[in-house]
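Visitor: I am new to this structure. Could you show it to me and take some questions?

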Amino acid sequence: PKVNNFADVGVTYVAGDFPAVAAYNVARLCPSQPSSEVTLKWVNDKLNDLVRARGEEKKKMILDAFLTRFTVREFYWILRIILGDMRLGVTEKSILHRYHPRAVEVLNQNFDLRVLCEDILKSDEDSLSSRKHVVTVGQVFKPMLAARVQNQFKTTAELLKGK
């Protein structure tokens, strides 16, 4: 079903909360699954498929799979995950800090949660704390504390002049 006017104050307990309005409408308009046998691996695979999907039709098929396999409550939470709006009162920083004191710093360097988790699992206690800043080919990284250059184009053109 199409969810229109999700910010409408007619339903005050969910006004402006898209996942709640969507779940409310799904509960009203669609036959509900009494329970689901969905595994975490299946959810992870579908979320990865959603990220890689090109075109609206493929994305719609994946969201339809969520809608038909999940209970209303599970659908509500998967929408929150997709939208990045968990509202748990806990930040990712506090969760990561529980795994390792430098986990947030390492994640901010390479932006790859899978690599971070693998490093934590396969390493000893001090491995992340002694880890140097590593940049790997093909992996996203965030350069930090880089010097700012004024008039970047002009400066670069002057530096490359004659080369």
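Visitor: Which residues touch the most other members of the largest nonpolar core?

Guide: This is a predicted model. The largest nonpolar core holds 13 residues. H1, helix H2 (40–52), H3 and H4 each give two or more residues to this core. The residues touching the most other members are Trp42, Val43, Ile62, Phe66, Phe70, Phe75 and Ile78.

Visitor: What does phenylalanine 75 touch, not counting residues up to four places away in sequence?

Guide: Contact here means heavy atoms within 4.5 Å. With those sequence neighbours left out, phenylalanine 75 touches Ala22, Val26, Phe66, Leu67 and Phe70.

Visitor: How far apart are the end C-alpha atoms of helix H1?

Guide: Helix H1 has twelve residues, 18–29. At 1.5 Å a residue they should span 16 Å. The distance in the model agrees: the end C-alpha atoms are 16 Å apart.

Visitor: Is lysine 41 buried or exposed?

Guide: Lysine 41 forms a salt bridge with aspartate 45, with the closest N and O atoms 2.8 Å apart. The two are four residues apart in helix H2, so about one helical turn separates them. Exposed means over 50% relative accessible area. At 58% relative accessibility, lysine 41 therefore counts as exposed.

Visitor: Which element of the protein chain has the highest mean pLDDT?

Guide: The mean pLDDT of the protein chain is 75. Helix H8 (residues 127–130) has the lowest mean among the elements, 54. The highest, 90, belongs to H2.

Notes
Residues numbered from 1 in each chain as written. Predicted model: local features only at pLDDT ≥ 70, side-chain atom pairs only at ≥ 80, totals over all residues. Heavy atoms only, no water. Expected span 1.5 Å × (residues − 1). Core = buried A, V, L, I, M, F, W, Y, C linked by side-chain atoms within 4.5 Å. Buried < 20%, exposed > 50% of the residue type's maximum accessible area, 1.4 Å probe, protein only. pLDDT = per-residue confidence, 0-100. Salt bridge = Lys/Arg side-chain N within 4 Å of Asp/Glu carboxyl O.
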